Amino acid sequence: MCVVRPDADVEPGTLLVAAPTLLDENFRRTVVYVIDHRRGEGTLGVVLNRPSEVPVHEVLPAWGDHVSEPQSLFVGGPVEQKTALCLAALRTGQDAASLKGVISVRGPVALVDLDADPDTLASKVKGLRVFAGYAGWDVDQLGGEIERGDWIVVPALPNDVLASPTQDLWGRVLRRQGMPVALLATHPGDVRTN
């Protein structure tokens, strides 16, 4: 008998969408982009829909003019919030393997080396986003949370990485999944306040 792991669908470039019942303030109504997922090692991702009030140019002056609107740091997760990670959506025709200073995650989405020269990358990307901290799970931790119903694993679109904070990314991602998952987008979150 073959047992399917709860995290079998998780891979770099997928999204973890917080279930409406996940009320942990670090992850309530978040959409996490998975950057790395390895059996036996754990999972790393960044929350895509938590902008901060801190402008990127205050923390990383060389990158400030190059990041996508709103040009602020995003809170990538509760782990190591003094660490910055940068994701880029590459322009059509650009290959991460041939670009210096980026590592491919999936498709046109790449992890950017913040020690690289932003001016050399600017013309090769559709947009950049910088995250303070990240979301991380130890071996089997994410599988347990998925099994408990805390996360919905869905495919990502490259534009999700650069989604405007004025859009409801959480609701938008759920709605595009079709029924019955799309209905979760209308969930009030805490049913006691409904």
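Colleague: Is F27 buried or exposed in this model?

Modeller: This is a predicted model, and its values are computed from the coordinates. The cut-off for a buried residue is under 20% relative accessible area, and F27 has 11% relative accessibility, so F27 counts as buried.

Colleague: With which residue does F27 make an edge-to-face pair?

Modeller: The model holds four aromatic pairs by the rule applied. In one of them, the ring centres lie 5.4 Å apart and the planes stand at 75°; because planes over 60 degrees apart count as edge-to-face, that is the class given to the pairing of F27 with W151.

Colleague: How many residues apart in sequence are the parts that F27 and W151 tie together?

Modeller: W151 counts as buried, at 4% relative accessibility. F27 lies in the loop between strand 1 and strand 2, whereas W151 belongs to strand 10, so the parts that the pair ties together are separated in sequence by 124 residues.

Colleague: Which residues form one aromatic cluster?

Modeller: The edge-to-face pair of F27 and W151 has been described above. The cluster takes in both of these residues and W137, so that its members, by the pairing rule of ring centres within 6.5 Å, are F27, W137 and W151.

Colleague: Turning to charged side chains, which two residues form salt bridges with D160?

Modeller: Side chains of opposite charge can pair when their charged atoms come close. D160 is buried, with a relative accessible area of 1%, while R172 is partly exposed at 27% and R176 is partly exposed at 31%. The closest N and O atoms of R172 and D160 are 3.4 Å apart, and the side chains of D160 and R176 meet at 2.5 Å, N to O. The two partners of D160 are therefore, by the limit of 4 Å, R172 and R176.

Colleague: How many residues apart in sequence are the parts tied together by D160 and R176?

Modeller: The salt bridge between these side chains has an N to O distance of 2.5 Å. D160 sits in the loop between strand 10 and helix 4 and R176 in the segment after helix 4, so the pair ties together parts whose separation in sequence is 16 residues.

Colleague: Which helix gives the largest share of the lining of the largest cavity?

Modeller: The largest cavity holds about 60 Å³ of space and is lined by 14 residues, with R5, D7, H37, V139 and D140 nearest its centre. Strand 2, strand 3 and helix 3 each give two or more residues to this lining, which by class has two nonpolar, six polar and six charged residues. The largest share, three residues, comes from helix 3.

Colleague: How many charged residues does the lining of the second largest cavity have?

Modeller: The second largest cavity has about 30 Å³ of space, and its lining consists of L48, N49, F74, A163, S164, P165, Q167 and L169. By class, five of these residues are nonpolar and three are polar, and the number of charged residues is none.

Colleague: How far apart in space are S164 and L48, C-alpha to C-alpha?

Modeller: S164 is found in the loop between strand 10 and helix 4 and is partly exposed, with a relative accessible area of 25%. Both S164 and L48 line the second largest cavity. They are 116 residues apart in sequence, and their C-alpha to C-alpha distance in space is 9.5 Å.

Definitions and conventions:
Residues numbered from 1 in each chain as written. Predicted model: local features only at pLDDT ≥ 70, side-chain atom pairs only at ≥ 80, totals over all residues. Heavy atoms only, no water. Helix = DSSP H or I, 4+ residues; strand = E, 2+ residues; numbered from the N terminus. Buried < 20%, exposed > 50% of the residue type's maximum accessible area, 1.4 Å probe, protein only. 1 Å grid on protein atoms, 1.4 Å probe; cavity = no way out; pocket = protein on both sides within 12 Å on 5 of 7 lines; lining within 4 Å. Points joined across faces, edges and corners; volume = space filled by probe spheres on them. Nonpolar A, V, L, I, M, F, W, Y, C, P; charged D, E, K, R; others polar. Phe/Tyr/Trp six-rings, centres within 6.5 Å; stacked < 30°, edge-to-face > 60°.
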